[in-house]
Amino acid sequence: MSEVTLHEARAAASLRLERGLVALGIVALVAAPFLIYPIFVMKMLCFALFACAFNLLLGYTGLLSFGHAAFFGGAAYFCAYAVKAWGWPPEAGILLGTACAALMGLAVGFLAIRRQGIYFAMITLAMAQMFYFFCVQAPFTEGEDGIQGVARGTLLGIVDLNVPMNMYFFVLAVFLLGIFAIWRIVNSPFGMILRSIRENENRAISLGYSVGRYKLAAFVMSAALAGLAGALKAIVFQFATLTDVTWQMSGEVILMTLLGGIGTMVGPVVGAGLVVALENTLATSGFPVTIATGAIFMICVLIFRRGIVGEVYARWLAPD
């Protein structure tokens, strides 16, 4: 079999595998609230969307950010404040949080993309820590208490989100919409250019692409989608706290993405589900959650070097 034919066969098999996993996942998510505690699944969906947004930057653009918690938690704060203090409906609060996260991404990305590698990562971390200290001292965030008692309200004035099933299917719809947006970005000509930047930035520059603009655009899109996840989480749990903007949250989303497999659509979802499940299972056991997640991360690095889903892809599609 020629190399071109083998490549085409692998691509077709990869597409079939991914479509099968997506179809299976959607069916499982529709049935999940009838079998599992809905709040747990909603938490998993929020973090899965967060991880997929981060993967858009790391997996498809090759930029490692240590400050994505600023967009996730910042959007949660803005959304929670708008809904509680201004009486906005939930959909307006979520849109505001997403827009604010995009603006924050524009400001941070404008500075960070001027550097590469570890310097880029350190700039994002420094900016995220500045935002964290802002949230500690800003009056509207209510300090360490956070913004609590956020009303879920009524979606479009029709659907009562205080009903658990209504809230769940709203979260599921937003999650699927966010994943579809990421899929369209990745599989567009814009996404192809992002991959070329990840593989060989100098060659992309030599071809005439304005690499800085593409990086900034990817950063803003990733920040906006992370903000969408954070704002959605604020409505689900009806509060926004400092936990969402700490550097540990940035590390957690990196862990989720690496566990699942960077550069894959399904990987971050699997990684987020694994981490959230571990946290909920071990929360009442007395066993340190960080030790358990760290041990599992070490095992996955040793056994699944491409991540869980990445390794499945590689082994399933390996040529005979």
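The stops below cover the salt bridges of this predicted model.

How many salt bridges does the structure hold? There are 3. Side chains of opposite charge can pair when their charged atoms come close.

**Stop 1: select residues 198 and 199.** Arginine 198 and glutamate 199 form a salt bridge. Their closest N and O atoms are 2.8 Å apart. Color by accessibility next. Glutamate 199 has 59% relative accessibility and counts as exposed. Arginine 198 has a relative accessible area of 32%, so it is partly exposed.

**Stop 2: select residues 201 and 215.** Here the side chains of glutamate 201 and lysine 215 meet in a salt bridge, at 3.0 Å from N to O. Show the helices. Glutamate 201 sits in helix H8, residues 201-206, and lysine 215 in helix H9, residues 211-237. The pair therefore ties together parts that are 14 residues apart in sequence. Is lysine 215 buried or exposed? It is buried, with a relative accessible area of 4%.

**Stop 3: select residues 233 and 244.** Lysine 233 forms a salt bridge with aspartate 244. The closest N and O atoms are 3.2 Å apart. This pair links distant parts of the chain, 11 residues apart. Lysine 233 is in helix H9. Aspartate 244 is in the loop between strand S4 (239-240) and helix H10 (247-260). Now check accessibility at each end. Lysine 233 has a relative accessible area of 8%, under the 20% cut-off, so it is buried. Aspartate 244 counts as buried too, at 3% relative accessibility.

Terms used. Residues are numbered from 1 along each chain as its sequence is written. This is a predicted model: local features need pLDDT of at least 70, side-chain atom pairs count only at pLDDT 80 or more; totals for chains, interfaces and linings use all residues. Side-chain values use heavy atoms; hydrogens and water are left out. A salt bridge is a side-chain nitrogen of Lys or Arg within 4 Å of a carboxyl oxygen of Asp or Glu. Buried means under 20% relative accessible area, exposed over 50%, partly exposed in between (1.4 Å probe, protein chains only). Helices (H or I, at least four residues) and strands (E, at least two) are DSSP runs, numbered from the N terminus.
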